[in-house]
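Welcome to this tour. Open your viewer, have the selection tool ready, and follow along one stop at a time.

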Amino acid sequence: MTTLIADRPPAGPSAQRPALRLPVAVWVIPPLAMVLGFVGWPMVAVLGESVRDGDGALSLSSWSTVLTSSEFLGALGRTAQVAIGSTLGTLLLGSFLALVLAFVPFPGAGLVARLIDTVLALPSFLITLAFTFLYGSAGVLQALITSVAGPGARLPPILTSPLGVILAEITFFTPFVVRPLLAALSVLPREQLEVAASLGAGPLRVLRTVVLPEVLPALAAGGSLVLLLTLNEFGIVLFTGAKDVVTLPVLIYTRGVVSLDLPSAAVVATAQVVLSLLLYTAYRFGIARLRTESATSDPGEGASHAAVVAHQ
Amino acid sequence: MTAPSAAASSAAAPDAVHLEGIDVDYRQGRSSTPALRDVTIRIRAGQTLALLGPSGSGKSTALKVLAGFLRPSAGRVYLDGTDITDLPPARRGIGVVVQSYALFPHLRVADNVAFGLRARRLPKDVIAARTAEALGQVGMTDFGRRLPRELSGGQQQRVAIARALAIRPKVLLLDEPLAALDIHLRQGMLAELQRLRANLPDTAILFVTHDQAEALALADRIGVMRDGRLVDLADTQDLWHRPPSRFTASFLGGANLIPVQVVSTLDQSSAVVRLAEAEFVANASQAREPGSASVLAVRPHALRLTSSLDGPDVLPARVTSAQWRGPATRVTIAVDALPDLLIEIDQPGEIQHRLGDRVGLHIPPRAGVLVPADQLATGPPSTPRTKAAAAAEPASRAASSAAPVAPLERKP
């Protein structure tokens, strides 16, 4: 550092001008205030609301009542069911689509990829609305069944069941898996696949032993994002009109807006936030561990040990 | 295209590799670009064939066809006499080493090497033994537990070779295996590849390179490619000493292509030729008609510069440039009798020349070989090296289009 300073040419008049030095606080406080104001304060307000009783006094009665209620536990279970089911379905469908788009050249592949991207720009309820028009009790499919099998034939009420919600969420959230996966596949060297094939590996083996490990971080990132989003999804569930599908966001809405039971709604909302943060922490931890493992872990397959041991 | 050597075609056993009349077209939408045209190659077991050619000449495409990565639009591929054209790469049993090495980054070195053995579902003890053997062959025994990113470029290349050898292939394909290494590593790896070659007496090797030094050092035979066609294919020594075409003469060894006139034929392998007032003896791969035009291919190191401008075999010339390159100085001259032709000469050591210096060009007896004067399909690789071309592109090298004796070089 000293050398650098000593070697500097003599500073001109403009260089001698003192640099604008503001206290660090000037740079830190505004963004911090914004975060606290727009994120922290509402969360504190919700938390505060959850620890007050009907008279405004501090009380944990709402917590004990809500957390042990069958409604909350049912909503928690349903939320997990829908979120996990949607995530798994999204991972399967998204992986399939990404692999086809990346490795199976067909006319219009680019257009299909862009159409999938377009779904990201649509509001989630639109997908559900489209589902209603297509598969609802007065939808296109029902009309087709009626015209073929008679007025008595009815479409099973899949749309208003948890399965319907999961299918709608899979449709909407699949691009969240396809996009990062396509990006990861695009940088996967083709030579690796060719060499793997020349070594005797069939397509499935190449997929499992070469492609999958390489795109696992992208898959984990996409899946985790979908899990978080489906956990908090409200529009799709509401628009299906599935009365039996009460997830945590629906419960918050019901308690807070319909029943005007704000303390209960605040408890569920706080639980929802905690759940989301836990999942996010697990996601970060998982990604970090994945990276560490790929850098240092032992693949654990016999040959590596045996080969090394044989020469030691 | 030159026919395969008589020895190869007359061998009783089927060739280890036989590409027969291969065409490849790269299609994009409705357009189609020819990448290979009528390429026929035979390689016997234990033989190393180098495919040499400039970028885009189709040599890597030929390798991909053999590996099964590309399907030819015409022609057949045979391995040990068996037609494998329709077999997927996984069932061909060919070892492949690519320029980027393509090691699997998430697998340790030993697991990379064992990859092909596991794909074949061999017993674990066999996998372990053959992995260790392959690593030993390339001197990487102690690196089995490392990840590819923990290795140098040369070490990665050895692992890639070990991985290809572990499956004990009858055919090994090397696609520019030294191209990604720096010059020092390349020299060392070249020696290692020579040693490896000696240890694989039954393996046919197809080696793709654009570096003539690698081809000369490793190959028993060399195929020279240009524009998707196999221009020449012959034993390495023959191709070096008697290049059958202007393109090969120019690409392999960077020969000057000097237009001459045949004066008389001495025997089947030599002739007296005339360039301006000078007459000298040149090698010839076939008999030449006295009075016919021909082209003398003579490499820069085979020519001599003299300070004397007089003499029956000395051609007065003028220095147009001189580049010291360490062991030798590359001098470019314009011969008075061929004012538009630039000739390159390598003089040992550091030679001081000034632009415009008068020198004499001496072509020693049998320093060059006669190649056909008129070859449309096999012309030199670059624009003819005239003064105008030299001004724009100093590195180009070829006979002048204004040569007084030989016909003009026509661009394809």
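## Stop 1: a run of hairpins

Keep in mind from the start that this is a predicted model. Begin by selecting strand 11 (residues 256-267) and strand 12 of chain B: these two run antiparallel, and five bridges join them. Strand 11 of chain B and strand 12 of chain B form a hairpin, with two residues between them. Click on Ser264(B) and look across to strand 12 of chain B, where its bridge partner is Val272(B).

Now stay on Val272(B) and turn to its other pairing: in strand 13 of chain B, its bridge partner is Val281(B). Strand 13 covers residues 278-284 of chain B, and six bridges join it to strand 12 of chain B, again in an antiparallel arrangement. These two strands also make a hairpin with two residues between them, and there you can pick out Ala276(B), which takes a positive phi near 55 degrees.

Which residues are on its covered face, and which on the uncovered one? Ala271(B), Val273(B) and Leu275(B) make up the covered face, while Ser270(B), Val272(B) and Arg274(B) are on the uncovered face.

## Stop 2: an open sheet with a helix on it

Next, select strands 1, 2, 4 and 5 of chain B. They form an open sheet in the order 2-1-4-5, with antiparallel pairing. At the edges you find strand 2 (31-43) and strand 5 (82-83) of chain B, each of which pairs on one side only.

Strand 1 (residues 17-28) and strand 4 (residues 74-79) of chain B are joined by five bridges. For one of these pairs, click on Leu19(B): its bridge partner in strand 4 of chain B is Val77(B).

## Stop 3: a loop residue

Move on to Asp80(B), in the loop between strand 4 and strand 5 of chain B. Why does Asp80(B) count as partly exposed? It has 16 C-beta neighbours inside 10 Å, and a residue with 20 or more would count as buried, one with 12 or fewer as exposed.

Leaving aside neighbours within four places in sequence, Asp80(B) is in contact with Pro14(B), Ala16(B) and Lys170(B). Try the distance tool on Asp80(B) and Lys170(B): they are 90 residues apart along the chain, and their C-alpha atoms are separated by 9.0 Å.

## Stop 4: two helices side by side

Select helix 3 (residues 109-119) and helix 5 (residues 153-166) of chain B. They pack at an angle of about 25 degrees, with their axes 7 Å apart. This angle makes helix 3 of chain B roughly parallel to helix 5 of chain B, and the crossing is right-handed.

Show the side chains at the contact. Helix 3 of chain B contributes residues including Val109(B), Phe115(B) and Leu117(B), and helix 5 of chain B brings Val159(B), Ala162(B), Arg163(B) and Ala166(B). By class, the contact has eight nonpolar, two polar and one charged residues.

## Last stop: the whole chain

Finally, zoom out to chain B, with its ten helices and 20 strands. Of its 412 residues, 48% count as buried. Among contacts with a separation of 6 or more in chain B, 67% are between residues 24 or more positions apart.

Methods
Residues are numbered from 1 along each chain as its sequence is written. Chains are lettered from A and ligands numbered from 1 in the order in which they are written. This is a predicted model: local features need pLDDT of at least 70, side-chain atom pairs count only at pLDDT 80 or more; totals for chains, interfaces and linings use all residues. Helices (H or I, at least four residues) and strands (E, at least two) are DSSP runs, numbered from the N terminus. Two strands pair if DSSP finds at least two bridges between them. Two residues are in contact if their C-beta atoms, placed from the backbone, lie within 7 Å. Axes are lines fitted to C-alpha atoms, for helices over the stretch in contact, and angles run from 0 to 180 degrees between N-to-C directions. Angles under 35 degrees count as roughly parallel, over 145 as roughly antiparallel, 65 to 115 as roughly perpendicular and the rest as oblique. A crossing is left-handed if the near helix is turned anticlockwise from the far one by less than a right angle, and right-handed if clockwise. Ala, Val, Leu, Ile, Met, Phe, Trp, Tyr, Cys and Pro count as nonpolar, Asp, Glu, Lys and Arg as charged, and the others, Gly among them, as polar.
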